[in-house]
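Dear colleague,

I am passing a structure on to you, with some notes on what was found in it. Please have it open while you read.

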Amino acid sequence: MRSDERSGAVLVALLLLWGTLLAEPLHIYTHYIRKVTEYTAVTFNMPTETITMKIIIFIVFTATGCFLIKVSDSSFGPFLGTVTILFTFIGYIVNSFVDNEISIYTLCVFAVVLVILAVLHFKRNDQILKWAGDFVIASHAVYLLTNFMFVPLSHLGDTIGKILYITNYADTDLSYPFDGLIRIPAAVWGSFIAIISLLPMIYLAMTRRKS
């Protein structure tokens, strides 16, 4: 499978898995990116619950996702997923000790994922390891889609909220500061921003080096 086809397959798979515990390492990874972005803004006395802050988060996720696509084309590509998940796991452990709270289910998911990745590295299966890196990259797009578009859409009614199970592990609603801006609902703004965020990542994924 070519790298562009792999990217599309990974994005579709992650959209289906995002609302489940199986994607928990990536939920935590993307949550940390948002929190670090907000903590950085706070140090510059910038309020976090504003349109400006949400746009900054959109830019950070999109820019980082594009950067990782370029990294995936390098010799570091097979290690991208493993390094990201490993550092996310370390961050989760440290944060759990600070909060004095830890989830056994989350630990088990991390353990299974890391063991699988370790076996793949032992077998030097770089082709499969590149899939892991693509899941990390796709998590940037899925996070923005979920928290900008699907979360506000899920608030439109109980039925649609149940259908959009992808929001089960959503950590915030990134669209709400836009609600009512020039009389346009948050769901419309969020959907527009989420789609815009996908364009540069899709372009780079489709034009990346074939591997």
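Is alanine 9 buried, partly exposed or exposed? Alanine 9 is partly exposed, because its relative accessible area is 29%, where buried means under 20%, exposed over 50% and partly exposed in between, with a 1.4 Å probe and protein chains only. This residue lies in helix α1, residues 3-17, helices being DSSP runs of H or I with at least four residues, numbered from the N terminus. Alanine 9 and aspartate 134 are 125 residues apart in sequence and 9.7 Å apart in space, C-alpha to C-alpha.

Please keep in mind that this is a predicted model, in which local features need pLDDT of at least 70 and side-chain atom pairs count only at pLDDT 80 or more, while totals for chains, interfaces and linings use all residues. Residues are numbered from 1 along each chain as its sequence is written, and side-chain values use heavy atoms, without hydrogens and water.

Helix α6, residues 126-154, is largely enclosed by the rest of the structure, because 23 of its 29 residues are buried. At threonine 146, α6 bends by about 40°, the bend being the angle between axes fitted to the seven residues ending there and the seven starting there.

The axes of α6 and helix α4, residues 77-99, come within 7 Å and cross at roughly 55°, with axes fitted as lines to C-alpha atoms over the stretch in contact and angles running from 0 to 180 degrees between N-to-C directions. The contact (heavy atoms within 4.5 Å) includes Pro78 and Leu80 of α4 and Leu129 and Val136 of α6.

With best wishes

Terms used: Helices (H or I, at least four residues) and strands (E, at least two) are DSSP runs, numbered from the N terminus.
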